[in-house]
Amino acid sequence: MNAPCALEFSGLAKSFSGVRVLTEVSLTVPAGHTLGLVGENGAGKSTLMNLVAGNLRPDAGEMRLNGVPHAPASSAAAAHAGVAFIHQELNLFPNLSIAENIFLTAFPRLGGTPVIDRSRVHARTAALLTEVGLALAPDTPVERLSTGQCQLVEIAKALSQDARLIILDEPTTSLGAHETATLFALMARLKERGIAMIYISHVLADVLRLCDDLVVLRDGAVVGQGSCNEFTHERLVSLMVGRSLTQFFPERKNRPAVEPVLEVCNLSEPNIVHDISFTLRRGEILGVAGLMGAGRSELARILFGLDPYAAGKIIMEGESLGRITPKQLIGRGLAFLTENRRAEGLCLEASIADNITLVALRDQTRTPFRLLDFNRWREAIATMRRAVRLTARADDAQPVRTLSGGNQQKVVLAKWLLAKPRVLILDEPTRGVDVGAKFELYQLIFELADRGAGILLISSEIEELLGLCDRILVMSRGELRADLPRAEFDREKILQAALPVEEGNA
Amino acid sequence: MADLSHAAAKSVTDRLTATLRRVALSEYLVLWLSVIYFLALAPFTPGLVSPENLVNLLVALLPLFLVALGQTFVLITGGIDLSVTSTIALSSVVGASIVNGNNGWLAGQWFAAPVAVLAMLALGAAVGALNGLAITRLRMPPFIVTLTGMMFFSGLAIWFTQSKNIGGLPVAFTRLGGNGWLAGAIALATGAFAHLMLTRSLFGRWLFATGHNARTAYLSGVPVRGVTLAAYVICGFCAALAAVLYTGQAETGSPVLGQRVLLDVIGATIIGGTSLFGGKGKVLWTLCGVLFLKLVDNSLNLLNLSIFTITMVKGGVILFAALLDATRHRLAGSRP
C-alpha cells in the first residue's frame, strides 16, 4: 500500500503534571481509510485526538499530515491544516442558523468588503447539506435540529473547510438506528472521496463493520493494532479491558414476582404518547425499545411528573398518582435517571459527596433542627460508593466533573439508590460508558431487581435490552407497538415494531 | 557541578512557585491580601493602627457585613439582589417614623423600639418575598426584578418622608447600632446562625444544589422554588437588620441611607470568593471580603483623599480582586 499516509504518529507521548497519559503511540491512517480507535474511558483516546486537533501539544514524538509535519498551535491551525474534530458534545451554536454555523469563521465576503455575501453562503450551504444528505433549509436555526442532524451539520462544516481527516468521537451515542444508518452511509461516501477518518466508539460492532484498521489503547499505550479482519468482538474487549470478559451480561438468578408496582393505563398526551398501557412488576426489568423520537424519554418524563398528560392513569403500588411533583414522587419511592447525565443528573461542580446525598438528604439529618448528622452522612456516602463500586481513586470532596463518564453515571445511580426506590426509570443508563463500567452497571441493575425494585429500562442498544430485560416494550411514534416476553425476544421483531409504519414517511 | 547548582536553584523556584500557588489558590486569599495591605499601608497612614481607628473600622463593617451576608445567600442560588439598598432606606424611614420622639406613631411608648425593629425586619422580609415571588413564580430574571425593585422602593422611601431625614430617635433604638458591643453581638449571632444554616442544614445544602444546577436539583426532589424564594427573603431580612444598625449609627432615619453601598455589598461578596454564577459561597468568605473593602475605605479616608478619589481607587481594587480571582480559576483549571 503506497498511498500517501493522511496521518502518521510516531512515538507520541503526553503527561499531565507527571502523570503519563500517552506513551509511545505510533500509528498511521492512509488516505481514504477509516481507523477505529477503541479503548476504555480514560485510556487516552481523547487526549490523542486533542493532540491532532491542536487543543494540546505533545511532550515527545511527531505527527505528520499528508507527509508534512503537523504541529498545530491551536485548534484553528489544525482546522486550517485539514483536520476536523467532531466532538462527543457538539460544538454548534443553537441560536444561529445552519449556514451561520458552517461559515462562522470563514464567511464569504462581497468583494473585499466586510459585508457577508448572503446568497453565496446560502448556495454553498445548500450544496453542502445535499452532500451530507440533510434535507433542510440553510437558514434553519440549529436549536430545531435533532442530535443526529447536528452531527451531519458538523460534518458539512468539516467539508466546507476542506478537511482531509475527520475525527468522529462517539458519534452514535445519541443517535437512533435510522440516523446512525444515515451517518454510516455518509461515512462510506466520504471514504470514497479519499477522506481519512478516525472513528472512536464504544459500540464495537459498528467499529468492526466500518473501519479498515483498528488501534486499541489501554492506559495510554497501543495494545493492539492491525487490519480490522484480524479482530473479533471478544478479542477487542479483552484487549481493552486487559483481561478476558467471558460474558457481557451478568447471570440473572431471580425472576420477577407477579405483584405490580407501577401500572400505566391508557396514557395519552396529544402528539407525544398515544394510549400507552403496561404493568411493571416487582423485581422486573422492563425494557423500552424504539428509535429516537419514538416517545420513550417523553413517556419517562410524564411518569416522573415533569410533563403533563391529557388522559389516562398512572398507578403506583395500588395508589393512583395524580398530577404530582418529582419531590412527591421521590417520596413515594420513584427514581428517574435521565438520559442527560450532565445537565439533569449531576451538579458537575459540586462534590461527589454532595451529589450522592442530594436526593436522600433528609435521611442524613437529625431532629430537632434538621441539621446534618455528619457521621450518618459520611457513612451513607461510603456505603453507596461501595455499592456502586465507584473508583477508589476519587476523593469524596472532588467535583464530579473530574470523573469519567462511567463513574459519573455510578454517582447518579448512587444518588438514587440511597433513597431506596421501589420503581426506577433508567433512561439510557450506559450511554458514553466504557465496557468495564457497563458490566458493573448491569450487575447493579440486576441487584436492584433482585431486591424487588421494578425497573423501566430505556435503551437504544438492542443488545443491552436483550441481555438484561425480562420483557421488552417496543414504542414507535408515541405508540406501544409490541410487548415481548423473554421467550419471544428477537432482534428482527423488535426492529420491525420500532420502525414507523409507512405513511408519507418521517 | 554546574548541573547540580542548577538543579538546586530549580528546586527552590519550584518550591516557591508551589507556595505562591497554594496562597493564590487558598480560599482565604482575601484575608491574606487584607493583612498585606494593612502592613504595607500602616507606616504611611497616620492613625491606621491606632486602637480607636481599629474599633471604628470594626464597628463600621458590621452593617455592611449583614447586607453582604444576605446577598451571599442570593448569589449562591445564582441570582442577584440589587434592591438591598432601597430595602435599607425604606426600613430605615419606616422604623424611624414609628419610633421617633417628635411625631412618631408610637412616640414615647416603652414598646416603640421593639415594635419598630420588628416592623423593619418584617418589611425587609416582605420586600425579599416580593422579589422572590416575581423570580420564582413569574420566572423573571433576578437582575430586572431587583433593579426595578430598587428604583421603586427607594422612590417610595423618599416619597414617604417627603425627602426629609427623621431625627429624634430614642436611645433604646439607636444603641442597637450605636453601641459597638450590641451591634457586634447582633452581627456575630446572625453570622454564626447563617454559617450553621449554610453548612449544616438541609436548606443550606439545597441552596447550593439549586445554585449548581437547578434542573438537577429539581429532578432530585429539591424544592427549588421554595429554596430560591427563601434566599431572597433572607436577603431582605438581612438588609433590614443592617438598616437597624445603620439607622442607629446615624441616629436618623434617612431615605437615602445606604444608597452608595450597593457596589460595596456586591463587591465585598464577590471579592470574598462567592461566585456570581452560583453554587459557591461562605459566610467567612463574605466577612473577609467586607473586611478588605472596609479596610481600603478606612485607609483612604485617613489619607485625606476626596470621596471621588476613594471611589476610583475602590473600583480599581475591586477590579484587581476580580482579576486575581480569574487568574486563580485559570490556575485551578490548569490542574489536570
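User: Helices here are DSSP runs of H or I with at least four residues, strands are runs of E with at least two, and both are numbered from the N terminus. Where is B:S163, then?

Analyst: This is a predicted model. B:S163 sits in the loop between α6 (142-161) and α7 (171-178) of chain B.

User: What about phi of B:S163?

Analyst: Phi of B:S163 is near 65°. That is a positive value in a residue other than glycine.

User: Is B:S163 buried or exposed?

Analyst: B:S163 is exposed, because 11 other C-beta atoms lie within 10 Å and the exposed class takes 12 or fewer.

User: Which residue of chain A has a positive phi although it is not a glycine?

Analyst: One is A:D162, with a phi of about 60°. A:D162 lies in the loop between α5 and β7 of chain A. With 11 other C-beta atoms within 10 Å, A:D162 is exposed.

User: Let's do the sheet. What is the strand order in chain A?

Analyst: The order is β6-β7-β8-β3-β9-β10. These six strands of chain A make an open sheet with mixed pairing.

User: Which strands stand at the edges?

Analyst: β6 (83-86) and β10 (221-227) of chain A. Each has a single partner strand, so one side of each has no neighbour in the sheet. From one strand to the next, the twist averages 15°.

User: How do β3 and β8 of chain A pair?

Analyst: In the parallel sense, over four bridges. β3 covers residues 34-38 and β8 covers residues 196-200 of chain A. A:G36 stands opposite A:Y199 in β8(A).

User: Which helix packs on the sheet and touches β6?

Analyst: Helix α5 (residues 147-160) of chain A does, and α5 also touches β7 (165-169) of chain A. The direction of α5 makes about 170° with that of β6(A). Helix α6 (residues 177-192) of chain A lies across β3, β7 and β8 of chain A. Its angle to β8(A) is about 150°.

User: Now the core. Which residues touch the most other members of the largest nonpolar core?

Analyst: A:I455 and A:L457, in a core of 176 residues. Helix α11 (residues 224-250) of chain B gives this core its largest share, 19 residues.

User: And what does A:I455 touch?

Analyst: Leaving out residues up to four places away in sequence, A:I455 touches A:I285, A:L286, A:L424, A:L426, A:I445, A:L448 and A:A449. There is also a second, separate core of 68 residues, which includes A:L35, A:A196, A:V215 and A:L236.

User: Switching to the contact. How many residues from chain A and chain B?

Analyst: Chain A gives 25 residues and chain B gives 17 residues. On the side of chain A, α10 (326-331), α11 (341-345) and β18 (371-372) each supply at least two residues. By class, that side has 14 nonpolar, four polar and seven charged residues.

User: Where is B:A192 found?

Analyst: In helix α8 (residues 180-200) of chain B. B:A192 is exposed, with 11 other C-beta atoms within 10 Å. The C-alpha atoms of B:A192 and B:V283 are separated by 8.3 Å, though the two are 91 residues apart along the chain.

User: What is the mean pLDDT of chain A?

Analyst: The mean is 86, and 95% of the residues of chain A reach 70 or more.

User: Where in chain A does pLDDT stay under 50?

Analyst: Over residues 502-506 of chain A, where the model has one contact beyond four places in sequence. Where pLDDT is low, predicted coordinates should not be read in detail.

Definitions and conventions:
Residues are numbered from 1 along each chain as its sequence is written. Chains are lettered from A and ligands numbered from 1 in the order in which they are written. This is a predicted model: local features need pLDDT of at least 70, side-chain atom pairs count only at pLDDT 80 or more; totals for chains, interfaces and linings use all residues. Two residues are in contact if their C-beta atoms, placed from the backbone, lie within 7 Å. Ala, Val, Leu, Ile, Met, Phe, Trp, Tyr, Cys and Pro count as nonpolar, Asp, Glu, Lys and Arg as charged, and the others, Gly among them, as polar. pLDDT is the predictor's confidence in each residue, from 0 to 100. Two strands pair if DSSP finds at least two bridges between them. Axes are lines fitted to C-alpha atoms, for helices over the stretch in contact, and angles run from 0 to 180 degrees between N-to-C directions. A residue is buried if 20 or more other C-beta atoms lie within 10 Å of its own, exposed if 12 or fewer, and partly exposed in between; C-beta atoms are placed from the backbone. A nonpolar core is a set of buried Ala, Val, Leu, Ile, Met, Phe, Trp, Tyr and Cys residues joined through C-beta atoms within 7 Å.
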